Amino acid sequence: RHVLWNGGIDVLGFGGDTMHMARLSDTGRMKYSLESLTEDLLGQRKVPMKEIFGEHRLRKDGSEGALVDLPPIERLQRELKSRENFIRYSAFDAKSTYNLYMHLKDRLLTMSWVKDLNLMDYYHMHMRPFGELLTDLERRGMLVAKDYLADVEQQAREDRRGHVQAFRQWAFKYLGADALAMNLASSKQLTTFLFGGSMNMKTKEPTEVENVFKMPRADISDEAMEAYRERDAQLKALPRDDGEVDEPEMDEFDQMKAGELKVLCKEYGLKVSGKKAELQQRLRGHFQLMASSDSTSDSVIDDYKSMSVQDLRDACKARSIETKGKKKNDLIKDLRDDDSFAREISAEIMKNPQKDSSATYRTISELLEEAVDTGENDALKNILAGIREKNAEEPKYVDVTIKSLGMEPDKFTVGGAPSATADVLRKLAGDPFADPPNYGRAYEFFGGGQEGHDACVAFFSLTAIGSIDTMIANFLTSLQTLADHQKRVHCSLNINTETGRLSSRKPNMQNQPALEKDKYKIRQAFKASAGNRLIVADYGQLELRLLASMTDCTSMIEAFEAGGDFHSRTALGMFKYIQDAVENGECLLEWDYGEGEPPKPMLKDLYASERRKAKTLNFSIAYGKTSHGLSQDWGVSQQEADAMLQAWYDSRPEVEKWQKETKATAKKYGLTRTLMGRYRHLPHAKEKNMKMLGHALRASINTPIQGGAADVAMMAMLKINNSELLKKLGWILLMQVHDEVILEGPEETSEEAFEEVLKCMQNPWVLGLDKTKVPLLVDGSCVHDNWYDAK
DNA sequence: CACGCACGC
DNA sequence: GCGTGCGTG
């Protein structure tokens with residue numbers, strides 16, 4: 001539809017979408033591409049374009065690389081070479097799609113939906129229109145304030161710099177210069193620094209106490225480089241410890257390439273063949289020999305016997321020794337004589353050190369220096385000049401060595417290694433800026449006092465950096481680059497989740513920072529266009545309302561019908577002592593603040609932590625979280641988490657009963673269904689593998705909840721998009737975030753439009769979607785200039 | 001490319 | 001639990 005639209009053709013909708021149809025028949029497939037579907041369902045694979053028209057990308061040397069590029073479509077269509085093939089391809093593509101459509105149609109016709117209808121009915125009635133609706137939303141896009149994003153991006157970068165600076169300066173005390181070069185976006189570096197040496201929970205092996213990271217010089221500040229130079233200078237000035245084995249001194253030969261070494265060997269009449277190390281040794285021997293009087297320099301390598309006659313001749317020539325008519329042994333003798341002569345000369349010089357102070361010990365480097373100064377050897381001169389130049393250049397990479405502080409980790413990654421997520425770092429930091437400060441774990445570790453305080457402040461900075469990084473990369477810069485020439489961003493909306501929820505890409509509109517945590521107010525960047533306003537409306541506890549309705553759970557239905565704070569009511573049901581407190585009048589469950597201050601403390605204040613737990617549990621149930629995940633979040637044992645979950649279920653026995661039945665059905669038939677009767681195949685529910693089985697059974701009870709919410713949201717969106725009233729008032733649907741919708745339209749009609757949106761959302765009922773036993777609560781408001789203000 | 005981490009509901 | 005996307009190594 002988009003492709004035709006871009007070509008100036010507006011089609012109303014689809015005849016069908018093979019991807020959506022295939023997903024409706026089976027959500028468990030890994031791929032829904034035309035290629036994969038035709039291969040599996042029709043037994044006739046549609047060959048991908050890349051395989052037919054692809055061209056291998058050329059390597060630097062001109063040979064064909066592994067990567068295949070697809071030439072621009074315009075070229076394939078117009079160039080004679082590919083044109084006919086392209087037409088055939090396109091026709092086959094269309095035919096495959098049609099065949100696939102017919103195949104999937106037959107399949108959906110055999111799958112029952114509700115009453116005596118089948119899934120093809122479902123497809124025509126709901127899903128096909130929904131597919132069209134999604135392309136409407138994609139085409140409309142959302143207006144973003146690019147200039148605002150640019151400003152905030154600068155601010156975020158400034159904040160980041162401050163935090164990085166703060167942490168590095170603190171870490172300098174423990175890590176020295178390396179702290180200033182550390183990459184704080186690297187979890188590997190961070191975990192090495194904090195927790196290195198601790199046990200990997202999976203492999204049971206200790207983690208590295210020290211790691212060296214190759215960092216690009218360009219990413220390292222001049223300040224850090226200065227610190228490195230200072231450190232190296234101090235190390236050099238330090239007296240050497242006795243007993244320590246010196247690392248062998250590096251010299252210029254170590255830096256020469258094999259070719260260069262060979263040239264020099266030839267120049268100085270030495271054997272040219274052999275390994276690189278042998279060449280180096282030979283040359284060192286030669287230069288020491290030339291300089292030394294030490295008669296023990298017999299150790300100097302004498303390779304003459306193993307050299308070929310031609311090489312020996314070359315060697316002699318290099319030393320101006322006559323070779324005419326000489327045999328191999330003569331050549332060797334002459335060369336050895338020449339060596340002895342050199343030794344004698346050196347010995348003479350050594351006898352009178354005053355005469356020539358250079359006779360003292362000299363390093364290879366010094367010897368080479370002299371050789372260049374005195375000699376006419378151009379090869380040596382050039383090679384050394386090359387090495388000097390290279391050494392003068394700054395290295396492209398700097399080794400950053402990170403040693404562990406040796407702290408105890410308390411959370412681990414999937415791979416068993418210590419984890420450094422924001423919540424771990426928050427625990428270390430505590431709240432050092434509170435009055436009085438509320439220090440975290442780091443305080444004790446660094447011995448309390450000023451040191452402890454400084455550590456907590458540093459860790460506080462660390463908690464901010466990871467978040468700022470995602471804000472910049474994911475939202476601030478990405479939204480600016482994705483906006484079109486009219487400053488609208490067009491995401492791609494996909495029905496590709498296991499439960500039937502939507503997902504959004506490029507950009508992901510569904511993970512924009514939530515209002516409370518939106519430090520940089522990114523939602524402010526999503527605006528209504530000139531003269532227009534936004535309506536934002538969302539369901540309250542949609543999943544839990546559906547769960548209450550599906551399970552016929554008395555306590556939940558009562559709680560929803562009573563209204564008020566659902567999480568407080570959950571806490572009330574879970575903890576006997578809270579129930580008693582409310583019954584005895586010690587605290588209030590609800591209060592109308594319109595009547596002034598409450599006469600007694602509120603439940604949500606008096607039992608704040610219980611309410612928080614209840615709230616987390618409510619979400620966990622809706623999302624299908626496990627007790628394992630819950631224990632991770634709360635930092636408690638799995639038994640404790642299990643006990644809390646049990647407390648939740650105890651006050652809702654109908655839910656537990658429903659879950660049991662649903663799991664049994666999944667085990668028996670290998671499938672589960674959503675509120676609207678969509679299927680989710682769960683082949684692993686029939687399996688023995690405990691891990692897969694557990695997953696499948698959890699999915700079996702979660703999909704009706706999450707998928708049911710997705711069904712409701714879909715129907716509400718269809719109602720909104722089809723509403724004649726909204727059309728008349730000039731309002732259009734822009735976006736959906738699972739249980740939230742956003743519309744844009746003229747300010748004058750916003751109140752009336754808002755009422756209509758609420759109506760659509762509260763009454764999404766259609767064929768296949770029965771009315772729930774609890775009302776669907778919708779929160780929201782209108783007349784907003786941007787998404788953020790819709791709080 | 002696997003992984004860890006961040007964001008959302 | 002379900003998603004997307006980024007940076008690192």
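What volume does the largest pocket have?

1. The largest pocket in this predicted model has a volume of about 1700 Å³. Here a pocket is an open set of points on a 1 Å grid over the protein atoms alone, where a 1.4 Å probe fits and protein lies on both sides within 12 Å along at least five of seven lines.

2. Lining this pocket are 37 residues (those with an atom within 4 Å of a point), and A514, E516, F619, Y623 and D739 lie nearest its centre. Two or more lining residues come from each of α21 (449–482), β12 (532–539), α22 (542–551), α27 (608–623) and β17 (778–784). Helix α27 gives the largest share, five residues. Helices (H or I, at least four residues) and strands (E, at least two) are DSSP runs.

3. Helix α6 (residues 80–110) packs with helix α7 (residues 119–140) at an angle of about 115 degrees, and their axes are 6 Å apart. That makes the two helices α6 and α7 roughly perpendicular, a term for angles of 65 to 115 degrees, on a scale from 0 to 180 degrees between N-to-C directions.

4. In that contact (heavy atoms within 4.5 Å), Y101, K105, L108 and L109 of α6 meet L119, M120 and H124 of α7.

5. A friendly note on conventions: residues are numbered from 1 along each chain as its sequence is written, and chains are lettered from A in the order in which they are written. Local features need pLDDT of at least 70, side-chain atom pairs count only at pLDDT 80 or more, totals for chains, interfaces and linings use all residues, and side-chain values use heavy atoms, leaving out hydrogens and water.

Definitions and conventions. Points joined across faces, edges and corners; volume = space filled by probe spheres on them. Parallel < 35°, antiparallel > 145°, perpendicular 65-115°, else oblique.
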